[in-house]
Each structure stands twice: as structure tokens, then as C-alpha cells.
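Biologist: Please take me through the terms applied to this model. I would like the cut-off behind each label, and the value that is set against it.

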Amino acid sequence: MAKYYMNGYTPPAGVNSASKVKEYQRQLGVKADGIWGPDTDAAYRASLNRSAQRQAQSAEIFHARITAARLTAQAHQRIRAASLHHHQ
């Protein structure tokens, strides 16, 4: 079997053949030569970084929405309490 990676570069788990490397390369938008080398590795790492950034942004948005919902609920409780106090 021909070697599908260059020395110093390790494909991700499960990428264990030239055809699987080519699949990754096509998805990453680099030359699909079936060899995991510096260009493929750099594109893969950049893809992981973008994915991590998207996950972090999603977590920040989720946290902001939860905080907004809590603040809204607290404000509604204060308004109800003030309304009840005003009507007494």
C-alpha cells in the first residue's frame, strides 16, 4: 500500500488511505492528490478553528438569550409586584 501522508503530518483518525485523504482534500478545497501534507494539514486545522469559533459564538448567543430571558422574567415579576402593591 502506498503511503498517504508525509512524514511529520498525521491525518485525523479514520483517514487511513489515499482515497479517504482525497475525500478530505475535496471537502477542504485543496488539491486532491491523496497525500496528507502541509497544505492539507493547514486547511484541516483552519477548518477546525472555524468550527471551534462557530461553536463558541453559538454558546455566547445561547448564554445571551438565556440571560435576556431571565432578565425579562425578573422585570415582569417586578411589574406584577408593583401593580399588586399599587392596587392595595
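**Labels and cut-offs**

Biologist: Why is Pro11 called buried?

Modeller: Pro11 has a relative accessibility of 12%. Buried means under 20% relative accessible area, exposed means over 50%, and partly exposed is in between, with a 1.4 Å probe and protein chains only. Pro11 therefore counts as buried. This is a predicted model, in which local features need pLDDT of at least 70 and side-chain atom pairs count only at pLDDT 80 or more, while totals for chains, interfaces and linings use all residues. Residues are numbered from 1 along each chain as its sequence is written, and side-chain values use heavy atoms, with hydrogens and water left out.

Biologist: Where is Pro11 placed, and what is Pro11 in contact with?

Modeller: Pro11 sits in the segment before helix 1. Helices are DSSP runs of H or I with at least four residues, strands are runs of E with at least two, and both are numbered from the N terminus. Contact means heavy atoms within 4.5 Å. Setting aside neighbours within four places in sequence, Pro11 is in contact with Tyr4, Tyr5 and Trp36. Between the C-alpha atoms of Pro11 and Arg70, 59 residues apart along the chain, the separation is 45 Å.

Biologist: Why is Tyr4 called buried, and why is Tyr5 called partly exposed?

Modeller: Tyr4 has 15% relative accessibility, so Tyr4 counts as buried. Tyr5 has a relative accessible area of 33%, and is therefore partly exposed.

Biologist: How many aromatic pairs does a search of the whole structure find?

Modeller: The search finds four. In one of them, the ring centres of Tyr4 and Tyr5 are 5.1 Å apart and their planes are at 75°, so the pair is edge-to-face. The rule is that rings of Phe, Tyr and Trp (its six-membered ring) pair if their centres lie within 6.5 Å; planes under 30 degrees apart count as stacked, over 60 as edge-to-face, and the rest as tilted.

Biologist: What makes Trp36 and Tyr44 an aromatic pair, and which kind are they?

Modeller: Their centres are 5.4 Å apart with 70° between the planes, and the pair is edge-to-face. Trp36 and Tyr44 are both buried. Ring pairs also link Tyr24 with Trp36 and Tyr44 into a cluster.

Biologist: What makes the largest nonpolar core a core, and which residues does it have?

Modeller: A nonpolar core is a set of buried Ala, Val, Leu, Ile, Met, Phe, Trp, Tyr and Cys residues joined through side-chain atoms within 4.5 Å. The largest one has five residues: Tyr4, Val15, Val21, Trp36 and Tyr44.

Biologist: How do you know whether Val15 is buried or exposed?

Modeller: Val15 has 4% relative accessibility, so Val15 counts as buried. Val15 lies in the segment before helix 1. Residues up to four places away in sequence aside, Val15 touches Tyr4, Lys20, Val21, Tyr24 and Trp36. The C-alpha atoms of Val15 and Tyr5, 10 residues apart along the chain, are 9.9 Å from each other.

Biologist: How does the reach of helix 2 compare with the expected value?

Modeller: Helix 2, residues 38-86, has 49 residues. The expected span is 1.5 Å times one less than the number of residues. From first C-alpha to last, helix 2 reaches 71 Å, close to the 72 Å expected.

Biologist: Which residues of helix 2 are buried, and what covers them?

Modeller: They are Thr40, Asp41, Ala43 and Tyr44, and their cover includes helix 1 (18-28). Thr40 has 3% relative accessibility and so counts as buried; Asp41, at 8%, therefore counts as buried too. Leaving out residues up to four places away in sequence, Thr40 touches Gln25, Leu28, Val30 and Ile35, and Asp41 touches Tyr9, Thr10 and Trp36.

Biologist: How do you know how the protein chain compares with a compact globule?

Modeller: The radius of gyration is taken over C-alpha atoms, and the globule rule is 2.2 Å times the number of residues to the power 0.38. For 88 residues a compact globule would be near 12 Å, but the protein chain has 26 Å. The C-alpha atoms fill a box of roughly 85 × 20 × 20 Å along the principal axes. Buried residues make up 17% of the 88 residues. The protein chain has two helices and zero strands.
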